[in-house]
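Here are my comments on the model you sent. Please read them with the structure open beside you.

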Amino acid sequence: MAISPELRRRFAESQRVLVLTGAGVSAESGVPTFRGGGNSAVWKGMPFDVISSAAMLERNLPAVWEWFDYRRDFMEELMPNAAHYEIARWQEQFPEFTVVTQNIDGLHQKAGSRDVVELHGNIWRARCVACRSTYDMASGEKRPAACRECGDSLRPDVVLFGELLPPGAFELAAERAAECELCIVIGTSGLVYPAAGLPEIAKSAGAFLCEVNPEPTPLSPICDEMLMGKAGEVLPLLRS
Ligand code: APR
């Protein structure tokens, strides 16, 4: 795969770098993507955006828990892939480095990435529907039956369709996007906003925009460079 001298120079010289990742960065770890490849996830006959919605949470919290318990059990065995490890290495290379992810799988952190901005929450946490207290459910820990602070119900600490992003997460990501010199967009279809707006913010602030994806996306036309391939195979090629 050809990588332009311009991208190599930017990769070698940039101080402020932002990476935005989507489901594609975890595909090589075995996490199914939502849209790439033409099909979309279905659970018990319900499309993923129905079971993963605020409306379903209102109507049937146990069903939502069943879906996320299934996904958590499925993800328990999954390990980061070369793309996650490469991104974790970059935090040592770039003085100001930000990882923003739409993924809830926690694989960036498992690969060693610190201070990951999680736009859509994390499947390994539960949150109180009332006081927003959170409970870590890292591997194997059973979630409490109710909130230990206020006694109200717990829900998955993930952003469901129809819900707002976690307070401050997008604002921080947008701030970093507006400041970065190099923005690398990895494994996202660029269809879900406001996350898909971050590369546009970086581009309009003058950053060099690079996309890594086996398929073109609606973001591709604004990118300075497209590396069409799998993240786990492409990212190590950026090493000088
Ligand atoms: N490497 C890089 N990209 C890949 C790979 C890979 N190995 N395999 C697939 N892709 C690309 C696909 O071509 C597709 O463009 O990853 C993208 C995955 O797109 P989606 O499934 O739409 O995932 P994402 O963009 O993260 O979805 C955004 O939508 O469903 C909600 O909340 C959910 O966070 C998710 C959000």
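1. A term first: a polar contact is a pair of N or O atoms within 3.5 Å, and within protein one of the two must be able to donate a hydrogen and the other to accept it. Bear in mind also that this is a predicted model.

2. With that term in hand, look at Ser-52. The side chains of Ser-52 and Trp-67 are joined by a polar contact of 2.8 Å. Ser-52 belongs to the loop that lies between helix 2 (48-51) and helix 3 (54-59).

3. Is Ser-52 buried or exposed? The cut-off for buried is under 20% relative accessible area. Ser-52 has a relative accessible area of 8%, so Ser-52 is buried.

4. Now the ligand. The ligand sits in the largest pocket, and 22 residues surround the ligand. Phe-34, Arg-35, Thr-188, Ser-189 and Asn-213 are the closest of them. Sorted by class, the shell holds eight nonpolar, ten polar and four charged residues.

5. Which atoms of the ligand and the protein pair up? An oxygen atom of the ligand lies 2.6 Å from a polar side-chain atom of Thr-188. For Ser-189, an N or O atom in the side chain is 2.6 Å from an oxygen atom of the ligand. With Ala-231 the backbone takes part: one of its polar backbone atoms is 2.9 Å from a nitrogen atom of the ligand.

6. How much of the ligand's accessible area does the protein cover? On its own the ligand has 740 Å² of accessible area, and the protein covers 92% of that.

Definitions and conventions:
Residues numbered from 1 in each chain as written. Predicted model: local features only at pLDDT ≥ 70, side-chain atom pairs only at ≥ 80, totals over all residues. Heavy atoms only, no water. Near = heavy atom within 4 Å. Areas by Shrake-Rupley, 256 points an atom, 1.4 Å probe, with all protein chains shown as cover. 1 Å grid on protein atoms, 1.4 Å probe; cavity = no way out; pocket = protein on both sides within 12 Å on 5 of 7 lines; lining within 4 Å. Sits in = over half its atoms within 2 Å of the grid points. Nonpolar A, V, L, I, M, F, W, Y, C, P; charged D, E, K, R; others polar. Helix = DSSP H or I, 4+ residues; strand = E, 2+ residues; numbered from the N terminus. Buried < 20%, exposed > 50% of the residue type's maximum accessible area, 1.4 Å probe, protein only.
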